[in-house]
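Dear colleague,

I am handing over the structure below, and would ask you to keep it open beside this message while you read the notes that follow.

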Amino acid sequence: MSRNNLYRLLKHLTFGKTCKYFDMLSRIKNNKILIVKKDGKIKEIKKVKGLTIKFLGQNSVVKIHEPYRFINCYFEVGDDNIIEIKQTNFYIKDLIIPARMSRYSKLLIDSDCSVEGAKIWLHDEPERIVKIGKDCMLSFDITIWPSDGHAIIDDKGDAINKPKNIMIGNHVWVGTQCLILKGANIPDGSILGARTLYTSASNPKNSKKPYIFCGQPAKVLKSGNFIWDRNNTYYFNKKDYK
Ligand SMILES: CC(C)(COP(=O)(O)OP(=O)(O)OC[C@H]1O[C@@H](n2cnc3c(N)ncnc32)[C@H](O)[C@@H]1OP(=O)(O)O)[C@@H](O)C(=O)NCCC(=O)NCCS
(Lines give C-alpha, C1' and ligand atoms only; values in the text may rest on other atoms or scores of the structure.)
Protein backbone atom coordinates (compact mmCIF):
# COMPACT_ATOMS: atom_id res chain seq x y z
CA MET A 1 0.00 0.00 0.00
CA SER A 2 1.35 3.42 -0.95
CA ARG A 3 2.04 6.00 1.73
CA ASN A 4 -0.85 8.09 0.42
CA ASN A 5 -3.33 5.21 0.57
CA LEU A 6 -2.15 4.26 4.02
CA TYR A 7 -2.66 7.86 5.14
CA ARG A 8 -6.21 7.85 3.63
CA LEU A 9 -7.05 4.54 5.34
CA LEU A 10 -5.82 5.77 8.72
CA LYS A 11 -7.80 8.99 8.32
CA HIS A 12 -10.94 6.96 7.45
CA LEU A 13 -10.49 4.65 10.42
CA THR A 14 -9.93 7.52 12.84
CA PHE A 15 -12.97 9.34 11.46
CA GLY A 16 -15.07 6.15 11.82
CA LYS A 17 -13.97 5.75 15.41
CA THR A 18 -14.71 9.39 16.17
CA CYS A 19 -18.23 9.00 14.66
CA LYS A 20 -18.84 5.87 16.74
CA TYR A 21 -17.70 7.75 19.85
CA PHE A 22 -20.13 10.62 19.16
CA ASP A 23 -22.93 8.10 18.37
CA MET A 24 -22.28 6.49 21.74
CA LEU A 25 -22.26 9.86 23.52
CA SER A 26 -25.56 10.89 21.93
CA ARG A 27 -27.17 7.68 23.29
CA ILE A 28 -26.37 8.67 26.85
CA LYS A 29 -29.40 10.62 28.06
CA ASN A 30 -32.30 10.88 30.53
CA ASN A 31 -30.30 9.34 33.40
CA LYS A 32 -30.76 10.66 36.92
CA ILE A 33 -29.11 10.59 40.30
CA LEU A 34 -31.81 11.26 42.90
CA ILE A 35 -31.25 11.93 46.57
CA VAL A 36 -34.13 11.26 48.93
CA LYS A 37 -33.78 13.73 51.79
CA LYS A 38 -34.61 12.85 55.39
CA ASP A 39 -37.91 14.78 55.04
CA GLY A 40 -38.83 12.64 52.00
CA LYS A 41 -38.19 15.39 49.44
CA ILE A 42 -36.36 14.24 46.31
CA LYS A 43 -33.55 16.25 44.75
CA GLU A 44 -31.67 15.56 41.53
CA ILE A 45 -27.90 15.94 41.86
CA LYS A 46 -24.86 15.43 39.63
CA LYS A 47 -22.34 13.83 42.01
CA VAL A 48 -22.36 11.70 45.14
CA LYS A 49 -19.44 11.84 47.59
CA GLY A 50 -17.45 8.58 47.55
CA LEU A 51 -19.39 7.14 44.61
CA THR A 52 -18.55 7.38 40.91
CA ILE A 53 -21.50 6.70 38.60
CA LYS A 54 -20.85 6.18 34.92
CA PHE A 55 -24.03 6.23 32.85
CA LEU A 56 -23.58 4.42 29.55
CA GLY A 57 -27.17 4.29 28.31
CA GLN A 58 -30.57 5.89 28.75
CA ASN A 59 -33.39 6.29 31.29
CA SER A 60 -31.61 4.85 34.31
CA VAL A 61 -32.07 6.07 37.86
CA VAL A 62 -29.71 5.81 40.81
CA LYS A 63 -31.72 6.69 43.93
CA ILE A 64 -29.93 7.19 47.23
CA HIS A 65 -31.56 7.94 50.57
CA GLU A 66 -29.99 10.18 53.21
CA PRO A 67 -27.97 9.55 55.29
CA TYR A 68 -25.35 7.71 53.21
CA ARG A 69 -21.58 7.18 53.56
CA PHE A 70 -19.89 5.85 50.44
CA ILE A 71 -16.17 5.15 50.15
CA ASN A 72 -14.56 4.21 46.85
CA CYS A 73 -17.73 2.90 45.18
CA TYR A 74 -18.25 2.62 41.42
CA PHE A 75 -21.43 1.93 39.41
CA GLU A 76 -21.59 1.48 35.62
CA VAL A 77 -25.17 1.74 34.44
CA GLY A 78 -26.78 0.73 31.12
CA ASP A 79 -30.35 1.34 29.87
CA ASP A 80 -33.53 1.57 31.99
CA ASN A 81 -31.96 0.32 35.23
CA ILE A 82 -32.97 1.28 38.74
CA ILE A 83 -30.44 1.17 41.56
CA GLU A 84 -31.78 2.18 44.97
CA ILE A 85 -29.83 2.32 48.20
CA LYS A 86 -31.79 3.17 51.31
CA GLN A 87 -30.56 5.16 54.29
CA THR A 88 -27.76 3.85 56.44
CA ASN A 89 -25.38 5.19 59.07
CA PHE A 90 -22.87 2.44 58.22
CA TYR A 91 -20.18 2.74 55.58
CA ILE A 92 -20.74 1.35 52.11
CA LYS A 93 -17.19 0.69 50.95
CA ASP A 94 -15.77 -0.68 47.69
CA LEU A 95 -19.20 -1.52 46.30
CA ILE A 96 -18.82 -2.10 42.57
CA ILE A 97 -21.89 -2.54 40.37
CA PRO A 98 -21.06 -3.38 36.76
CA ALA A 99 -24.43 -2.96 34.97
CA ARG A 100 -23.05 -1.73 31.66
CA MET A 101 -25.03 -3.94 29.27
CA SER A 102 -27.92 -4.55 31.58
CA ARG A 103 -31.43 -3.34 30.66
CA TYR A 104 -34.50 -3.07 32.87
CA SER A 105 -32.59 -4.45 35.86
CA LYS A 106 -33.14 -3.48 39.48
CA LEU A 107 -30.93 -3.50 42.53
CA LEU A 108 -32.34 -2.60 45.92
CA ILE A 109 -30.20 -2.37 49.04
CA ASP A 110 -32.61 -1.77 51.89
CA SER A 111 -31.98 0.42 54.94
CA ASP A 112 -29.20 0.10 57.56
CA CYS A 113 -26.89 -2.14 55.53
CA SER A 114 -23.09 -2.07 55.64
CA VAL A 115 -20.67 -3.17 52.93
CA GLU A 116 -16.90 -3.63 53.27
CA GLY A 117 -16.36 -4.74 49.66
CA ALA A 118 -18.72 -6.34 47.14
CA LYS A 119 -19.22 -6.69 43.41
CA ILE A 120 -22.81 -7.10 42.23
CA TRP A 121 -22.79 -8.16 38.58
CA LEU A 122 -25.98 -6.91 36.92
CA HIS A 123 -23.83 -6.64 33.86
CA ASP A 124 -24.92 -9.45 31.59
CA GLU A 125 -28.59 -10.17 31.26
CA PRO A 126 -31.64 -7.88 31.07
CA GLU A 127 -34.46 -7.75 33.63
CA ARG A 128 -32.47 -9.00 36.61
CA ILE A 129 -33.47 -8.19 40.18
CA VAL A 130 -31.15 -8.30 43.17
CA LYS A 131 -32.65 -7.41 46.55
CA ILE A 132 -30.68 -7.09 49.77
CA GLY A 133 -32.86 -6.75 52.87
CA LYS A 134 -32.65 -4.41 55.85
CA ASP A 135 -29.70 -4.39 58.27
CA CYS A 136 -27.51 -6.75 56.26
CA MET A 137 -23.76 -6.88 56.89
CA LEU A 138 -21.64 -7.65 53.82
CA SER A 139 -18.00 -8.30 54.60
CA PHE A 140 -14.99 -8.04 52.21
CA ASP A 141 -14.55 -9.51 48.76
CA ILE A 142 -18.09 -10.66 48.09
CA THR A 143 -19.45 -11.48 44.64
CA ILE A 144 -23.14 -11.60 43.74
CA TRP A 145 -24.07 -12.83 40.28
CA PRO A 146 -27.70 -13.34 39.11
CA SER A 147 -26.61 -14.80 35.74
CA ASP A 148 -23.68 -16.86 34.47
CA GLY A 149 -22.47 -14.34 31.92
CA HIS A 150 -22.30 -16.89 29.09
CA ALA A 151 -24.81 -19.37 27.66
CA ILE A 152 -24.84 -23.18 27.80
CA ILE A 153 -26.85 -24.35 24.80
CA ASP A 154 -28.70 -27.67 24.42
CA ASP A 155 -29.22 -29.67 21.20
CA LYS A 156 -32.37 -27.65 20.38
CA GLY A 157 -30.36 -24.45 20.44
CA ASP A 158 -31.89 -23.17 23.71
CA ALA A 159 -29.82 -21.72 26.52
CA ILE A 160 -30.29 -23.94 29.58
CA ASN A 161 -28.55 -21.90 32.25
CA LYS A 162 -31.23 -19.22 32.62
CA PRO A 163 -30.54 -16.27 34.92
CA LYS A 164 -32.50 -16.04 38.17
CA ASN A 165 -33.01 -13.20 40.60
CA ILE A 166 -31.29 -13.05 43.96
CA MET A 167 -33.04 -12.26 47.24
CA ILE A 168 -31.05 -11.75 50.42
CA GLY A 169 -33.36 -11.47 53.45
CA ASN A 170 -33.27 -8.98 56.30
CA HIS A 171 -30.43 -9.07 58.83
CA VAL A 172 -28.17 -11.42 56.88
CA TRP A 173 -24.41 -11.53 57.59
CA VAL A 174 -22.38 -12.43 54.52
CA GLY A 175 -18.85 -13.49 55.55
CA THR A 176 -15.69 -12.65 53.70
CA GLN A 177 -15.12 -13.95 50.16
CA CYS A 178 -18.60 -15.41 49.67
CA LEU A 179 -19.96 -16.08 46.20
CA ILE A 180 -23.73 -15.85 45.80
CA LEU A 181 -25.07 -17.21 42.51
CA LYS A 182 -28.32 -17.02 40.53
CA GLY A 183 -31.52 -18.06 42.28
CA ALA A 184 -30.15 -17.58 45.79
CA ASN A 185 -32.88 -16.85 48.34
CA ILE A 186 -31.28 -16.41 51.73
CA PRO A 187 -33.62 -16.49 54.77
CA ASP A 188 -33.86 -13.59 57.24
CA GLY A 189 -31.31 -13.62 60.07
CA SER A 190 -28.94 -16.06 58.35
CA ILE A 191 -25.13 -16.16 58.24
CA LEU A 192 -22.91 -17.21 55.35
CA GLY A 193 -19.57 -18.37 56.75
CA ALA A 194 -16.33 -17.21 55.18
CA ARG A 195 -15.85 -18.38 51.57
CA THR A 196 -19.32 -19.89 51.25
CA LEU A 197 -20.52 -20.68 47.74
CA TYR A 198 -24.28 -20.20 47.88
CA THR A 199 -26.32 -21.46 44.89
CA SER A 200 -30.07 -21.95 44.36
CA ALA A 201 -29.58 -25.55 45.57
CA SER A 202 -28.55 -24.15 48.97
CA ASN A 203 -32.00 -22.57 49.53
CA PRO A 204 -33.58 -24.34 52.51
CA LYS A 205 -37.16 -25.72 52.27
CA ASN A 206 -38.16 -23.90 55.45
CA SER A 207 -37.20 -20.27 54.97
CA LYS A 208 -38.91 -19.07 58.16
CA LYS A 209 -35.90 -19.59 60.45
CA PRO A 210 -32.28 -18.37 60.27
CA TYR A 211 -29.42 -20.66 59.17
CA ILE A 212 -25.65 -20.70 59.26
CA PHE A 213 -24.47 -21.87 55.85
CA CYS A 214 -20.87 -22.88 55.17
CA GLY A 215 -18.80 -24.54 52.49
CA GLN A 216 -18.64 -24.98 48.74
CA PRO A 217 -21.47 -25.57 47.93
CA ALA A 218 -23.13 -24.22 51.05
CA LYS A 219 -24.44 -26.71 53.59
CA VAL A 220 -26.36 -25.95 56.79
CA LEU A 221 -24.07 -25.77 59.82
CA LYS A 222 -26.84 -24.70 62.22
CA SER A 223 -30.47 -23.61 62.02
CA GLY A 224 -32.88 -21.65 64.21
CA ASN A 225 -32.32 -20.82 67.86
CA PHE A 226 -29.66 -18.12 67.40
CA ILE A 227 -29.32 -14.47 66.44
CA TRP A 228 -26.18 -12.65 65.31
CA ASP A 229 -25.07 -9.20 66.40
CA ARG A 230 -22.72 -6.56 64.97
CA ASN A 231 -20.88 -6.40 68.31
CA ASN A 232 -18.03 -8.85 68.89
CA THR A 233 -18.17 -11.77 71.35
CA TYR A 234 -16.33 -9.80 74.09
CA TYR A 235 -19.36 -7.51 74.36
CA PHE A 236 -21.52 -10.49 75.42
CA ASN A 237 -18.99 -12.71 77.22
CA LYS A 238 -17.03 -10.13 79.28
CA LYS A 239 -17.08 -12.49 82.29
CA ASP A 240 -14.80 -14.87 80.36
CA TYR A 241 -12.04 -12.20 80.21
CA LYS A 242 -9.75 -10.74 82.91
C1 LIG B 1 -19.56 -19.52 60.13
C2 LIG B 1 -18.86 -19.12 61.41
C3 LIG B 1 -19.58 -17.85 61.97
C4 LIG B 1 -19.06 -20.27 62.38
O5 LIG B 1 -18.43 -20.01 63.59
P6 LIG B 1 -18.60 -21.07 64.82
O7 LIG B 1 -20.05 -21.22 65.12
O8 LIG B 1 -17.74 -20.61 65.94
O9 LIG B 1 -18.14 -22.44 64.18
P10 LIG B 1 -16.85 -23.34 64.53
O11 LIG B 1 -15.59 -22.57 64.31
O12 LIG B 1 -17.09 -23.95 65.86
O13 LIG B 1 -16.95 -24.47 63.40
C14 LIG B 1 -17.98 -25.44 63.41
C15 LIG B 1 -17.79 -26.34 62.21
O16 LIG B 1 -18.04 -25.59 61.01
C17 LIG B 1 -16.90 -25.59 60.14
N18 LIG B 1 -16.77 -24.24 59.56
C19 LIG B 1 -16.75 -23.08 60.23
N20 LIG B 1 -16.68 -22.04 59.36
C21 LIG B 1 -16.63 -22.60 58.13
C22 LIG B 1 -16.53 -22.05 56.84
N23 LIG B 1 -16.51 -20.71 56.64
N24 LIG B 1 -16.53 -22.89 55.78
C25 LIG B 1 -16.59 -24.24 55.97
N26 LIG B 1 -16.68 -24.81 57.18
C27 LIG B 1 -16.70 -24.00 58.25
C28 LIG B 1 -15.73 -25.93 61.05
O29 LIG B 1 -14.69 -26.50 60.33
C30 LIG B 1 -16.37 -26.87 62.04
O31 LIG B 1 -16.47 -28.14 61.40
P32 LIG B 1 -16.58 -29.52 62.25
O33 LIG B 1 -17.90 -29.48 62.99
O34 LIG B 1 -16.53 -30.58 61.21
O35 LIG B 1 -15.42 -29.53 63.19
C36 LIG B 1 -17.37 -18.76 61.19
O37 LIG B 1 -16.60 -19.92 61.02
C38 LIG B 1 -17.19 -17.89 59.97
O39 LIG B 1 -17.03 -18.33 58.83
N40 LIG B 1 -17.21 -16.54 60.24
C41 LIG B 1 -17.15 -15.54 59.20
C42 LIG B 1 -15.98 -14.65 59.46
C43 LIG B 1 -16.04 -13.46 58.58
O44 LIG B 1 -16.14 -13.57 57.38
N45 LIG B 1 -15.98 -12.30 59.20
C46 LIG B 1 -16.07 -11.08 58.46
C47 LIG B 1 -16.35 -9.97 59.41
S48 LIG B 1 -17.56 -8.88 58.72
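Pro67 sits in the loop between strand E4 (61-65) and strand E5 (70-71), where strands are DSSP runs of E with at least two residues, numbered from the N terminus. Please bear in mind that this is a predicted model, in which local features need pLDDT of at least 70, side-chain atom pairs count only at pLDDT 80 or more, and totals for chains, interfaces and linings use all residues. Residue numbers start from 1 along each chain as its sequence is written.

The peptide bond that leads from Glu66 into Pro67 is cis, with omega near 0 degrees. A cis peptide bond also joins Gln216 and Pro217, with omega at about -5 degrees, and Pro217 belongs to the loop between strand E22 (211-214) and strand E23 (219-223).

Turning to phi, Tyr104 is not a glycine and yet has a positive value of about 55 degrees; this residue lies in the loop between strand E9 (95-103) and strand E10 (106-109). Tyr104 counts as partly exposed because it has 15 C-beta neighbours inside 10 Å, the term covering residues between buried (20 or more other C-beta atoms within 10 Å of their own) and exposed (12 or fewer), with C-beta atoms placed from the backbone.

Asp141, although not a glycine, has a positive phi of about 60 degrees, and is found in the loop between strand E14 (137-138) and strand E15 (142-145). Asp141 has 17 C-beta neighbours inside 10 Å and therefore counts as partly exposed.

With kind regards

Terms used. Helix = DSSP H or I, 4+ residues; strand = E, 2+ residues; numbered from the N terminus.
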